[in-house]
Amino acid sequence: MPSPWPEKTSTTLADQVLVQIQTSIIKGELPAGSKINEQALAEKYGISRGPTREALQTLERQRLVVRAPHIGARVAQLTVSELNDLYQLRSVLEGMACELAASRITPEQLAKLDSLLAIQEAALAQGDSYFQEQGDVDFHYQIIQASGNKHLQETLIGGLYHLLRMYRYQCTTQHRPVKAIAEHRRIAAAIAEGDGELASLLMRRHIEQGRKNTELRLLELQANAAAKETLAHCR
């Protein structure tokens, strides 16, 4: 499994394939619930089935791919139940990350966080879409890193991070990014002031608002998909 830590520079063939398949799943290019054909993926990326299989095993651990007996591997489905479970856990853990970051964040990390927010605000002002990338360009990722707690980092970055990105990418509403970055600013300010309690509270509120918006958008997408399926059956 590739390391989630940004200092890693060298990658294996399986790592490279992993990132490409991972991105396709997160962006919905490989549709939720669709069957994964290992041979077809290997041919698409021009590699043997070994690295492809290794990448799929990592995606299973990240819960982006699920495997069932007699069915095989499929892209994970987006469900309201899992969304709520995931965001409840995220709220608690990221609130803790904020508390720790408020006392542990370095001046360099704080400057990096401020720079990130400035770049995102400028991009939104120019009409660009909300940043949904991983690593250093993700606000939540940087706070988790600044917490300095390895177990917390492994849980959020290694275990939940990419599944959260899939929900966020596919279910973000048009007006949410502007509000979200304003909320990010307030969280960053509380961390900069060393007020972990306030930062944690603001983060939990921020995640809850994100959960509500994401749930509404997911329900809308599911209703549209059901309507299309019904229409197709009536023809």
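Here is a short tour of a predicted model, stop by stop.

Before you click, note that numbering starts at 1 along each chain as its sequence is written, and that side-chain values use heavy atoms, with hydrogens and water left out. Because the model is predicted, local features need pLDDT of at least 70 and side-chain atom pairs count only at pLDDT 80 or more, while totals for chains, interfaces and linings use all residues.

**Stop 1: a helix pair**

Select 107-125 (α5) and 139-146 (α6). Helices here are DSSP runs (H or I, at least four residues) and strands are E runs of at least two, numbered from the N terminus. The axes of α5 and α6 come within 10 Å and cross at roughly 175°; axes are lines fitted to C-alpha atoms, for helices over the stretch in contact, and angles run from 0 to 180 degrees between N-to-C directions. That makes α5 roughly antiparallel to α6 (the label for angles over 145 degrees).

Now show side chains. Gln-109, Lys-112, Leu-113, Leu-116 and Leu-117 in α5 meet Phe-139, Gln-142, Ile-143, Gln-145 and Ala-146 in α6, where contact means heavy atoms within 4.5 Å.

**Stop 2: the cavities**

The structure holds 4 cavities of 30 Å³ or more. A cavity is a set of points on a 1 Å grid over the protein atoms alone where a 1.4 Å probe fits but cannot get out, and lining residues have an atom within 4 Å of a point.

For the largest, with about 170 Å³ of space, select Tyr-87, Arg-90, Arg-168, Arg-176 and Gly-210, the closest to its centre of the 14 lining residues. Helices α4 (80-104), α8 (176-192) and α9 (196-234) each supply at least two residues of that lining, and α9 gives the largest share, 5 residues.

Next, the second largest cavity, at about 60 Å³. Select Arg-90, Glu-94, His-140, Ile-144, Leu-156, Tyr-161, Leu-164 and Arg-168, which line it. Helices α4, α6 and α7 (150-171) each give two or more of these residues, with 4 coming from α7, the largest share.

**Stop 3: two loops**

Most residues other than glycine have a negative phi. Go to Arg-63, in the loop between α3 (49-61) and β1 (65-68): its phi is near 70°, a positive value. Arg-63 is partly exposed, with a relative accessible area of 35% (partly exposed lies between buried, under 20%, and exposed, over 50%, using a 1.4 Å probe and protein chains only).

Finish at His-70, in the loop between β1 and β2 (72-75). Its phi is near 65°, also positive, and at 88% relative accessibility His-70 counts as exposed.

Key: Parallel < 35°, antiparallel > 145°, perpendicular 65-115°, else oblique. 1 Å grid on protein atoms, 1.4 Å probe; cavity = no way out; pocket = protein on both sides within 12 Å on 5 of 7 lines; lining within 4 Å. Points joined across faces, edges and corners; volume = space filled by probe spheres on them.
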